[in-house]
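Subject: The structure, and what turned up in it

Hi there,

Here is the structure I promised to pass on. Have a look at it first, and then read on for my notes about its spaces and one of its sheets.

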Amino acid sequence: MLQFHEIIYGPVLSRRLGNSLGINLLPVDAKICTFNCVYCECGFNTTMHEFPMPSRVDVKRALEEKLQALHVGNQTIDVITFAGNGEPTIHPEFEGIIDDACLLRDSFFPQTKISVLTNSTQIYRKQVFNALMKADNAILKLDSAIDQTMRLIDQPTRSDFSVAWLVKNLQHFENKLIIQTMFLRGSHSGQKIDNTTQTEITAYLKVLQTLKPQQVMIYTIDRETPVKSLQKIPLEELEKIAEQIRKTGIKVSVAG
């Protein structure tokens with residue numbers, strides 16, 4: 001499986017974001033997340049113990065060195081993206097790290113966007129919400145609007161995590177959010193997984209109309225997954241889903 005062994009990695013070409021410089025706030029030798037997604041390119045979760053997260057000081061230093069090197073080399077980046085080996089918002093110094101990233105971005109690449117890829121599980125925490133509001137792109141996960149399917153795909157570590165809870169908390173962003181959705185089919189532990197059925201899409205569209213995000217990003221499997229039975233959704237099928245979203249008046253991008 002793919003894991004990130006540095007605090008700063010890339011720039012890499014992202015299907016959704018362009019030329020992206022990545023920031024990994026999680027341990028460099030473990031996968032730590034509040035979801036345990038069946039499709040995660042980093043694999044399934046490892047135990048938190050004995051795997052320290054980088055400090056705010058370490059992240060700032062590493063980012064400053066990388067941005068300075070890119071600036072001297074006349075390289076450009078479209079976005080600085082918080083992602084890495086799990087859920088970035090679980091870092092205890094997340095808000096301060098976002099503040100540092102914004103200041104460094106302004107110094108070296110003022111036109112570059114700050115993006116956070118998050119599974120939305122920590123948005124009830126004030127400091128996490130505040131930090132995401134400071135980012136240019138808060139990209140929040142919604143893989144299904146139906147609890148059973150969401151649990152099959154995302155496998156949240158909290159048993160009380162639900163779509164209703166998620167929608168309620170996402171509404172606090174008003175429309176300053178981007179929804180990100182992975183579409184796939186397959187099976188896991190004897191249970192069928194498919195979030196592309198019309199029942200799924202109808203429920204999904206209803207949630208989108210409630211949230212009114214500024215954009216929706218839909219995509220499918222691109223790399224190795226820990227569950228081998230999963231199937232990539234053809235681009236033409238993704239486009240049909242996207243067209244249903246566009247009919248609601250919401251902007252959507254597709255990555256096959």
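By class, how many nonpolar, polar and charged residues does the lining of the largest cavity have? Before the answer, please keep in mind that this is a predicted model.

The lining of the largest cavity has three nonpolar residues, four polar ones and one charged one. Its residues are Thr-34, Phe-35, Thr-121, Gln-122, Pro-156, Thr-157, Arg-158 and Phe-161. The space inside the largest cavity comes to about 50 Å³.

Around the second largest cavity you will find Phe-35, Asn-119, Lys-141, Leu-142, Asp-143, Met-150, Asp-154, Phe-161 and Leu-166. By class, this second lining divides into five nonpolar, one polar and three charged residues.

Now to the open side of things, the pockets. The largest pocket has a volume of about 880 Å³. Its lining is made up of 38 residues, and those nearest the pocket centre are Arg-16, Glu-41, Ala-83, Leu-117 and Arg-223. By class, 18 of the lining residues are nonpolar, 11 are polar and nine are charged. Several strands take part in this lining: E1 (8-14), E2 (18-24), E3 (79-83), E4 (113-118) and E6 (178-182) each supply at least two residues. Which strand gives the most to the lining of the largest pocket? That is E1, with five residues.

Last, a sheet that I think you will enjoy tracing. Three strands form an open, antiparallel sheet in the order E8-E7-E10. Its edge strands are E8 (191-194) and E10 (231-232), each of which pairs on one side only. Helix H4 (residues 147-154) packs on this sheet and touches both E7 and E8. The direction of helix H4 makes about 100° with that of E8. Between strand E7 (residues 184-188) and E8, which run antiparallel, there are four bridges. To find your place in that pairing, look for Gly-186, which stands opposite Ile-193 in E8.

Happy exploring, and do write back with any questions.

Best wishes

Conventions:
Residues numbered from 1 in each chain as written. Predicted model: local features only at pLDDT ≥ 70, side-chain atom pairs only at ≥ 80, totals over all residues. Heavy atoms only, no water. 1 Å grid on protein atoms, 1.4 Å probe; cavity = no way out; pocket = protein on both sides within 12 Å on 5 of 7 lines; lining within 4 Å. Points joined across faces, edges and corners; volume = space filled by probe spheres on them. Nonpolar A, V, L, I, M, F, W, Y, C, P; charged D, E, K, R; others polar. Pairing = 2+ DSSP bridges. Contact = heavy atoms within 4.5 Å. Axes fitted to C-alpha atoms, helices over the stretch in contact; angles between N-to-C directions.
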